[in-house]
Amino acid sequence: MRFYLIAGEPSGDALGAALMAGLKELLPDVEFSGVGGPLMQAQGLHSQFPMDELSVMGLAEVLPKYRALKRRIAECAETVLAQKPDALITIDSPDFCLRVAKIVKAQSNTRTIHYVAPSVWAWREGRAVKMARVIDHVLALLPFEPPLMQAAGMGCDFVGHPVVAEPQATAEQAQDFRTRYGLNDAPLLLALPGSRRGEVERLMPVFGKTIGQLHNERPNLRIVLPAAPSVDARVRKLVTDWPIPPLVLDAADLPEKRAAFAAADVALAASGTVSLELAAANTPMVIAYDMNWLSRILIGRMLKVDTVTLVNLVSETRVVPEFLGKNCAPGKIAQGVLAVLNNPQNQQQAMALTMERLGRDQEPPGLRAARAVLQAL
């Protein structure tokens, strides 16, 4: 069998690589073509062009590259139509991938499979109906997504979330981390202000003021901040104003990052999938997030759920405190962090349930996704 795959960013590259490994295990003579990054290429994909060309976010970033992206959409669709693979598998990056699928569907009966369901459970439910016009089957990361995709007219399988397959630091590695940095006798807070420049610019000052208030209550509090490479320099500049100088780590150093997650007593994190990483490490957390005023108003009107934290949603609890929008204020956040520090076990059951429901101790997500692809065909 032959498959044409498209991934447009590092997270999609990781999903694609795991899926390819699963397909190779089930079909030793499988063939791949398409667009992917280093992980997919390591699994045997010869990328049609560099995946980095698609890793563009935001209107200001997309506009200068609009014509080039449109040309790449046409090139991918033309290649799929010429190769006639058993399926076109698109991985996240819907703005690019679904445009390719639309052209392919208009000119052929090629089966189309999309990996990562749109978050219609949160907002803009019309996206699923629109997607169903060009996608036959969806591979979902969250257990409550299949009924929503099926209602829109697509087949859908929950295949497990990749976080359950990620290695975790041992207790010994966590203790070694604390010892190396002289953190054995201090409560340790993990600060995670995001990986995008806009997030960092908005949240770092708020996190700094929050930590200042926490210092009044817990004078021996220590801070560790794993900084994403894309914002490392900016993070290091912004922390100079913090009342407690944090230990800034390179988040690309995964063993060190995992050890920091496991060693921390509590995390203060931006909203996003990081809540699942923290749950996987069994690290209690507080979520704080804000955006520009216009986005805050628009998204607030469209939001369909009373929590945006995936641990709360998957576990069907509300044990992870959230401070969003106007509530993303240092005084409120500090009180939330102190409450978690004083009662960390309150989140333990919800985090364990989240990992169980996402597929921990079951067949690896990449292999589950591969089985779902073959069954869908």
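Predicted model: local features only at pLDDT ≥ 70, side-chain atom pairs only at ≥ 80, totals over all residues.
Visitor: What's the strand order in the open sheet of six strands?
Guide: The order is β9-β8-β7-β10-β11-β12, and the pairing is parallel.

Visitor: Which ones are the edge strands?
Guide: β9 and β12 (322–324), each of which pairs on one side only. From one strand to the next, the twist averages 20°.

Visitor: How many bridges join β7 and β8?
Guide: Three bridges, in the parallel sense. Leu189 stands opposite Ile223 in β8.

Visitor: OK, helices. Which strands does α11 lie across?
Guide: β7, β8 and β9, and α11 runs at about 130° to β7. Helix α9 (residues 197–217) lies across β7, β8, β10 and β11, at about 130° to β11.

Visitor: Which residues of α11 are buried?
Guide: Glu256, Lys257, Ala259, Ala260, Phe261 and Ala263. Those buried residues pack against α8, β7, β8, β9 and α12.

Visitor: How are α8 and α11 angled where they pack?
Guide: At about 95°, with the axes 8 Å apart, so the two helices are roughly perpendicular to each other. Among the residues making the contact are Phe177 and Arg178 of α8 and Glu256 and Ala260 of α11. The contact residues divide into six nonpolar, one polar and three charged.

Visitor: New topic: is His114 buried or exposed?
Guide: Buried, because its relative accessible area is 1%, and the cut-off is under 20%. His114 lies in strand β4 (residues 111–115).

Visitor: And what does His114 touch?
Guide: Leaving out residues up to four places away in sequence, the list includes Asp92, Cys97, Met131 and His137.

Note on methods
Residues numbered from 1 in each chain as written. Heavy atoms only, no water. Buried < 20%, exposed > 50% of the residue type's maximum accessible area, 1.4 Å probe, protein only. Helix = DSSP H or I, 4+ residues; strand = E, 2+ residues; numbered from the N terminus. Contact = heavy atoms within 4.5 Å. Axes fitted to C-alpha atoms, helices over the stretch in contact; angles between N-to-C directions. Parallel < 35°, antiparallel > 145°, perpendicular 65-115°, else oblique. Nonpolar A, V, L, I, M, F, W, Y, C, P; charged D, E, K, R; others polar. Pairing = 2+ DSSP bridges.
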